[in-house]
Amino acid sequence: MTINTRLYPLLATIAIFVIAYALSYTQFPAMLSTRVVGNLLTDNAYLGIVAVGMTIVILSGGIDLSVGSVIAFSGVFIAVVLRETSLHPLMVFALLLVLSTAFGAAMGGIIHWLAMPSFIVTLAGMFLARGAAYMLTIDSVPIAHPFYDLLQGAYWLMPGKGRLTLIGVAMLLTVAVGALIAHRTRFGASVFALGGGEQAARLMGAKVGRTTVMIYAFSGFMAGLSGIVFSIYTGSGYPLATVGTELTAIAAVVIGGTILTGGAGYVVGTLFGVLTMGLIQTYIVFDGSLSSWWTKIVIGLLLLLFILLQKGLLRLSQSRISAGHA
Amino acid sequence: MIGRSLLRLLPQIVSLLALIGLVSVFFPTFLQIDFSDGRLVGPMIDIVKRGAPVALLAVGMTLVIATRGIDLSVGTVMAICGAAAAWAVSSGYGTVPSLILALLVGLAAGLWNGILVSVIGIQPIVATLILMTAGRGIAQLITEGRILTFSDPDFATIGSGTLFGVPFPVVLWLLTGIGFALMMRWTALGLLIESVGINRRASALIGINARVLLIAVYMASGLCAAIAGLVVTADIRGADANNAGLWLELDAILAVVIGGNSLLGGRFSITASILGAMIIQTIDTGILLAGFPSEYNLVIKAVLVLTILVVQSPNLSAQWLWARQALARRRALRDEAAPQSGPRMTERPVPESEVSR
């Protein structure tokens with residue numbers, strides 16, 4: 001058996017998801033129906049997309065607290081622009097993505113050139129984006145556009161009457177693209193290098209400044225995309241929406257096996273992190289007698305479990321390395 | 001000694017005075033303080049009272065951040081402690097036992113965080129994220145998802161009572177702040193905490209019990225969060241598991257950073273953090289008093305906070321230092337060109353690495 005020890009957290013994540021699903025299935029056989037699977041993808045589409053951006057940021061050793069606010073801003077921006085102008089939604093999407101990417105890039109620039117911690121810069125970004133959403137409107141604005149009806153109605157009816165919706169597919173595609181970028185491109189290599197240590201990354205030849213800006217721009221882009229998906233999902237824009245999503249996304253990334261100090265992890269793991277959290281919610285809905293606060297407690301315990309698992313694995317691989325040197 | 005610590009607090013004091021000046025322009029009676037019904041009233045009093053939870057949290061957060069840690073769970077711990085106290089009071093356990101229970105719960109929460117960080121060695125931001133996520137669930141478990149109200153006048157005093165005309169929450173944060181500051185500076189505790197924050201391994205090698213110190217620091221943060229939770233709960237005479245202390249951890253961290261404390265640990269000042277908390281509250285209250293529509297609050301707050309942070313940014317000050325040193329070097333060169341009388345080796349050559357950091 002020569003499985004890379006780095007793969008262990010990912011394998012553990014997938015194993016726990018499969019086991020949890022199997023346990024739920026034995027209790028509620030309907031859990032395996034394509035309807036549940038389809039809903040699992042649809043309900044968590046926006047979270048999955050934003051978590052991909054968060055994975056890249058965390059792989060680089062940073063953190064992005066602004067994404068929840070950016071999603072809310074995106075929804076409000078789309079809704080208000082569609083209400084006030086006659087622009088086509090696709091045009092609005094493009095505008096929004098440019099905006100959110102530029103916003104992320106600006107944060108990355110401040111983080112790098114002013115040498116400020118990402119935690120604080122993105123915290124200010126979180127206030128700024130939420131505030132910008134409030135400035136556009138303080139009400140929930142419905143989106144009524146034929147193109148939106150088209151997007152919301154677009155699904156593939158799986159056998160068993162489950163709906164594989166457009167936004168569910170969008171999430172899966174995003175994860176695939178994110179995985180390609182993280183593991184197969186020069187930018188991805190720089191991200192991992194940065195997570196290993198800025199000094200080392202510089203010595204390795206990575207352009208630290210440019211990479212930092214690109215990382216946060218990528219996260220901003222993903223937050224914008226997630227905002228679009230969320231607006232399709234809810235059919236409205238509301239400035240108070242998705243409060244705290246950044247922390248849910250971070251939790252999903254950690255459950256997905258990415259190490260928060262950066263430098264090690266897999267984008268695919270994040271998908272399973274998101275799905276595991278979605279599964280807990282689905283189980284609670286199926287059970288009916290459990291209160292919703294159990295979701296939070298179970299997610300907290302899962303977080304703890306995964307972190308302990310990672311700690312153990314890290315110690316194991318380190319002792320193996322030192323044994324190899326001896 | 002006093003002059004030096006004043007110099008350390010100068011950026012915060014100047015920021016606060018500038019903000020007060022700015023708000024006074026829009027709202028002339030900002031500084032007016034009256035005495036009526038046996039209590040002080042006025043916008044400034046309102047600020048120091050409303051700033052109490054963040055100021056309390058900032059005290060504990062300063063210590064945690066000084067050890068190079070962070071405590072994301074404080075807002076949630078506030079909710080848990082508030083819920084515990086409200087549950088105990090409404091179940092008829094009496095005021096004092098209920099308060100003690102809440103403080104114990106806060107200490108226990110801190111113990112949990114501390115063990116995760118120092119014994120198991122989990123990164124502080126993740127370790128405290130666990131309690132932050134699970135804690136709201138625990139608080140809801142205690143209140144059973146409702147807002148748990150109570151009608152105990154003694155308990156309510158903590159939130160809305162006064163002592164010699166000063167609102168009680170203000171007395172609480174003053175006492176907590178002074179207590180912790182004295183404990184840090186009259187004993188070696190503060191020095192030890194700074195040492196652990198700068199280099200935990202080196203501190204352990206010179207014989208500091210970093211493990212116990214870290215646990216103690218997180219317990220102090222839990223205790224501060226418990227007091228803050230009591231203030232919030234007593235103020236509305238009810239425990240709201242969903243909203244008590246929501247996102248206050250971020251304000252508390254912001255207060256510490258505005259107070260000029262580095263997130264990378266090391267030197268800290270509790271007074272500066274409390275000033276940071278007051279700056280945040282002045283911004284919050286000031287925006288409302290100045291008559292801006294409340295939709296603009298967050299944007300103005302973000303811009304002001306960013307401005308304060310950018311001005312305090314390590315890189316800007318490094319560049320300022322670099323410019324000054326470059327000037328000094330040029331002057332030294334000019335002196336050298338002139339008769340060789342001046343001391344030659346006074347100007348230390350600045351290594352490039354020091355400047356570019």
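Predicted model: local features only at pLDDT ≥ 70, side-chain atom pairs only at ≥ 80, totals over all residues.
Chain A is built with 14 helices and four strands. Its C-alpha atoms occupy a box of roughly 70 × 55 × 30 Å along the principal axes. The radius of gyration of chain A is 20 Å, and a compact globule of 326 residues would have a value near 20 Å, so chain A agrees with that expectation. Buried residues account for 53% of the 326 residues in chain A.

Chain B can be described in the same terms. It has 16 helices and six strands, and the box filled by the C-alpha atoms of chain B is roughly 90 × 55 × 35 Å, again along the principal axes. Of the 357 residues in chain B, 47% are buried. Among the contacts of chain B between residues at least 6 apart in sequence, 77% link residues at least 24 apart.

Next comes the contact between the chains. Chain A contributes 35 residues to the contact and chain B contributes 36 residues. On the side of chain B that touches chain A, four helices each supply at least two residues: α6 (124–143), α12 (248–258), α14 (297–312) and α15 (314–337). Of the elements of chain B, α6(B) gives the most to this side, with 12 residues. By residue class, the side of chain B that touches chain A consists of 24 nonpolar, nine polar and three charged residues.

The last topic is the nonpolar core. The largest such core has 213 residues, and the residues with the most contacts inside it come from chain A, namely V50(A), V229(A) and L303(A), and from chain B, namely L57(B), A58(B) and C81(B). Helix α11 of chain B, residues 210–236, provides the largest share of this core, with 19 residues.

One of the residues with the most contacts inside the core, L303(A), can be followed individually. Neighbours within four places in sequence are left aside here. Within chain A, L303(A) is in contact with A251(A), V254(A) and I255(A). From chain B, the residues in contact with L303(A) are L129(B), I130(B) and T133(B). Residues 124–143 of chain B form α6, the helix that gives the most to the side of chain B that touches chain A.

How values were computed:
Residues numbered from 1 in each chain as written. Chains lettered and ligands numbered in written order. Core = buried A, V, L, I, M, F, W, Y, C linked by C-beta atoms within 7 Å. Buried ≥ 20, exposed ≤ 12 C-beta atoms within 10 Å, placed from the backbone. Contact = placed C-beta atoms within 7 Å. Nonpolar A, V, L, I, M, F, W, Y, C, P; charged D, E, K, R; others polar. Rg over C-alpha atoms; globule rule 2.2 N^0.38 Å.
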